[in-house]
Structures are given as structure tokens and as C-alpha cells.
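Hello,

Here is the structure I said I would pass on. My notes on its salt bridges and nonpolar cores follow below it.

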Amino acid sequence: MELAVILVEVEYPINLGAIARVMKNFGVKELILVNPKVSPNDKTARKFAVHAVDILENAKVVETLDEALKMVDLAVGTSGIAGGDYIPERTPITPEEFAKRAFLYDGSIGLVFGRESRGLDNEELKKLDFTVTIPTSEEYPVMNLSHAVAVVLYEIYKQRTKAEVVEVKEKLRKSTKEERTRLVELWEKLLDTLEYPKDLERRKLSVLMFQRFLGRGFIYAKEIHSMYGPLRKAIERLERCKDDCY
């Protein structure tokens, strides 16, 4: 598993430097900055990075979140506000739950963190595979950005140390982003063929929730491919009998 930290429009040099330091603490080297409001060459950021200046120097700077997402196979958003069933882009798992599943994945994972002032908006979260939220006190639920990065990376590092002493007896190839995308497309086509739900917005929501389900599951390629056939057959049969069945 390869890990990258993606910061969307980071605003404060102290946070940027502290995040670089935390990344170094937990062995994460790749930093991607989306339209940053502070330069990785900023003197204050470099000061707070201490011995992690190399992470700032090697940071990749892109203009849009879409560009950053092309650099990873799985994108995990972080949100300080957990949503309910009707806000699927804000229906999260905990960092510990995520870390345990992350090591079932062979590809590159991007941890996407939002702005200090307002985090990630719903449109940005919709582009991601699922979200992680750190449980905090209701009195003050939103964490400082660098602290949030530290908590998530710590949980991953903790699981990494466990994984290093456990011998994996059965090697199965994990699903790729393209394989999961293909399965989501088949699910969407099935719903369109069924014309269910009738309301198009609810249909889009069903597709989004299916995508989230796949993202959280870290599904093996064999499992993904076993679902292609039944979905294709169901679509073909429904299309053949559509006139007679409805």
C-alpha cells in the first residue's frame, strides 16, 4: 500500500510545516497540495517542518482536486462533521476502522484533507470513495488540521506495525480503481434499465451509495469479477423482455 496526503487549499504555514513533520514521523513521504494558499517554500512552514523540509521540497502542487485524484487509486476524504443516511458523502468510518482495511489494499491511497476554515464541501466529498471522521467531543468537534492528519496517520502506522509481524498466508489480488468503476457503471446501467427509482436524483443517490459501499469494502478483484456476469445477464434479460415485462 502506498499512501499520499492531499491537502486542499491549505491556508496556514504553521499547519503545512506541522503536517510535513507528522508525515515524517509516520513514514509517509508523498504530499500533494491542491491550490495551496501558502507556498511549500514559505519560511514559517519550513521552520515548523523541522527535519521534514524534504517533504515540503518534494511536494506536488496541482490546481484542482481532480488532478490530485488522478495520482491515486483510492481517495479517502476526511470530514469533521458526520452525516446521516441522507448525506452519503458524509457517512464516515473511524480512522481505526479505515486503517484496519487499508492494508487489504495494494494500490495507492490518497488521504484528502480540507481547508482549515471550512473543510471539504459536499461536491468535493462526492468525488471521493468514502470518508473518515475522527470521533471528538460534541463541545468542540472540529480538530486542527495538523492534529487530524496526525491522528489518521498514527492509526495507519499502528496497523502497519501489526501487519509487519503477521505473515499473510493467502495472496489475493486487490481490485483496481478501473475494476470498481466498471462495477459501478454496471450497477448504474441496471438501475437505468429497471427505471428504478423513478426519481432520477434518488437513482443517482443509489449509485453514489453503491460506490461508497465498494470503497469501504476494499474488495478483491476476484470478488469484483464474480459480480460482473450476473449484472450483465440481468441487464441483457431485462432489455430483451422489456416490452413484454412492462
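K158 counts as partly exposed because its relative accessibility is 25%, whereas E155, at 12%, counts as buried. Please keep in mind that this is a predicted model. E155 and K158 form a salt bridge in which the closest N and O atoms are 3.2 Å apart. The two residues lie 3 residues apart in helix α7, so about one helical turn separates them.

Salt bridges with shared partners also join E9, R115 and E124 into one network. Within it, the side chains of R115 and E124 meet at 2.6 Å, N to O. Both R115 and E124 are buried.

Another salt bridge pairs E57 with R46, with 3.3 Å between the closest N and O atoms. This pair links distant parts of the chain: E57 belongs to helix α3 (residues 53–57) and R46 to helix α2 (residues 43–49), 11 residues apart. E57 is partly exposed, with a relative accessible area of 49%, and R46 is also partly exposed, at 30%. In total, the structure holds 13 salt bridges.

Now the nonpolar cores. The largest has 41 residues, and L31, F98 and L153 have the most contacts inside it. Helix α7 (residues 145–164) supplies the largest share of this core, 6 residues. Leaving aside neighbours within four places in sequence, F98 is in contact with V76, I93, I109, L111, F130, V132, I156 and F218. A second, separate core has 15 residues, among them A75, V112, L120 and L125.

Regards

Notes: Residues are numbered from 1 along each chain as its sequence is written. This is a predicted model: local features need pLDDT of at least 70, side-chain atom pairs count only at pLDDT 80 or more; totals for chains, interfaces and linings use all residues. Side-chain values use heavy atoms; hydrogens and water are left out. A nonpolar core is a set of buried Ala, Val, Leu, Ile, Met, Phe, Trp, Tyr and Cys residues joined through side-chain atoms within 4.5 Å. Buried means under 20% relative accessible area, exposed over 50%, partly exposed in between (1.4 Å probe, protein chains only). Helices (H or I, at least four residues) and strands (E, at least two) are DSSP runs, numbered from the N terminus. Contact means heavy atoms within 4.5 Å. A salt bridge is a side-chain nitrogen of Lys or Arg within 4 Å of a carboxyl oxygen of Asp or Glu.
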